[in-house]
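Subject: Handover of a structure and summary of findings

Dear colleague,

Please find the structure below, followed by an account of what was found in it. I would be grateful if you could read the account with the structure open.

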Amino acid sequence: QRDLSVSYNKLGGIAEARNDYNAAEGYYAKALEIREKLAEKYPDDSKLQRDLSVSHERLGDIAKARNDYKAAEGYYSKALEIGERLAEKYPEDPNLQRDLSVSYNNLGDIAKALNDYKAAEGYYAKALVVRERLAEKYPEDANLQRDLSVSYNNLGDIAKARNDYKAAEGYYAKALEIRERLAEKYPDDPQMQRDLSVSYIRLGDTAIARNDYKAAEG
């Protein structure tokens, strides 16, 4: 039953990559149906519980892509509920902790899209707490370090939206510090190199907002 749900998810992923959201939603919904039954039957199986949270997350992604933020928030909230439970039960599992940070991040994105900056900041701050802990514990894990830089950028975006340019610059600078390190360590990784350019742009935009054109140019 689990294998079948994985197959539906993979087909959903292909459809999503093609921007065929109707097909993707159909496959993800079939996977969800199976996973809900398995999670109910085996409530102590963390793997099956995690699968269920992933299905909610995938359907949330489709709703978000359609700008159906209410539906996306519903799916992401269900994923978070499972993620918080698993993270509390298995505090030493980095994958489950990371899942939790992703759920917070997803809900932060929805709140930001709805211009609810207070809620967005709250979710992003919770994600940051988890990611700082993981980045400190696993300093050689590039993905976890990148996650941390994303959290700093997210909080920087919220500060900038509130015209708090000093706070925004502080968050963006922390993200930049991580991204410079990663870009240097992985010079052939296009994602790491792109991340670095994005950090420079964010700081440049913030300087422009402060009318510091010399800094922006740099």
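The 16 residues of helix α1 should span 22 Å at 1.5 Å a residue, and its end C-alpha atoms are 23 Å apart, which agrees. Here the expected span is 1.5 Å times one less than the number of residues, and helices are DSSP runs (H or I, at least four residues) numbered from the N terminus.

Two notes on the source apply throughout. This is a predicted model, in which local features need pLDDT of at least 70 and side-chain atom pairs count only at pLDDT 80 or more, while totals for chains, interfaces and linings use all residues. Residues are numbered from 1 along each chain as its sequence is written, and side-chain values use heavy atoms, with hydrogens and water left out.

In α1, Ser5, Asn9, Gly12 and Ala15 are buried (under 20% relative accessible area; exposed is over 50% and partly exposed lies in between, with a 1.4 Å probe and protein chains only). Seen down the axis of α1, these buried residues fall within an arc of 120°, so they line one face of the helix; the arc is that of the directions from the helix axis to the C-beta atoms. Asp3, Lys10 and Ala17 are exposed on the other side of α1. The buried residues of α1 pack against α2 and α3.

Helix α2 (residues 21–41) reaches 30 Å from its first C-alpha to its last, close to the 30 Å expected. Its buried residues, including Tyr28, Ile34 and Leu38, pack against α1 (2–17) and α3 (46–65).

Gln49 in helix α3

Gln49 has its place in helix α3 and counts as buried, at 6% relative accessibility. Its side chain is joined to that of Arg85 by a polar contact of 3.4 Å (a pair of N or O atoms within 3.5 Å, where within protein one must be able to donate a hydrogen and the other to accept it, and residues adjacent in sequence count only if both atoms are side-chain atoms).

Nonpolar cores

A nonpolar core is a set of buried Ala, Val, Leu, Ile, Met, Phe, Trp, Tyr and Cys residues joined through side-chain atoms within 4.5 Å. The largest has 14 residues, and among those that touch the most other members are Tyr124, Leu148 and Tyr152. The elements giving two or more residues to this core are α6 (117–137), α7 (142–161) and α8 (165–185), and α7 gives the most, with five residues. A second, separate core of 13 residues includes Tyr76, Ala87, Leu107 and Val130.

Salt bridges

The whole structure holds 15 salt bridges (a side-chain nitrogen of Lys or Arg within 4 Å of a carboxyl oxygen of Asp or Glu). One of them joins Arg2 and Asp51, whose closest N and O atoms are 2.5 Å apart. Arg2 lies in helix α1 and Asp51 in helix α3, so the pair ties together parts that are 49 residues apart in sequence. Asp51 is buried, with a relative accessible area of 8%, whereas Arg2 counts as partly exposed at 26%.

Another salt bridge joins the side chains of Arg146 and Asp195 (2.5 Å, N to O). This pair links helix α7 with helix α9 (residues 190–209). Finally, Lys112, Asp157 and Arg202 are linked in a network of salt bridges.

With kind regards

Methods
Contact = heavy atoms within 4.5 Å.
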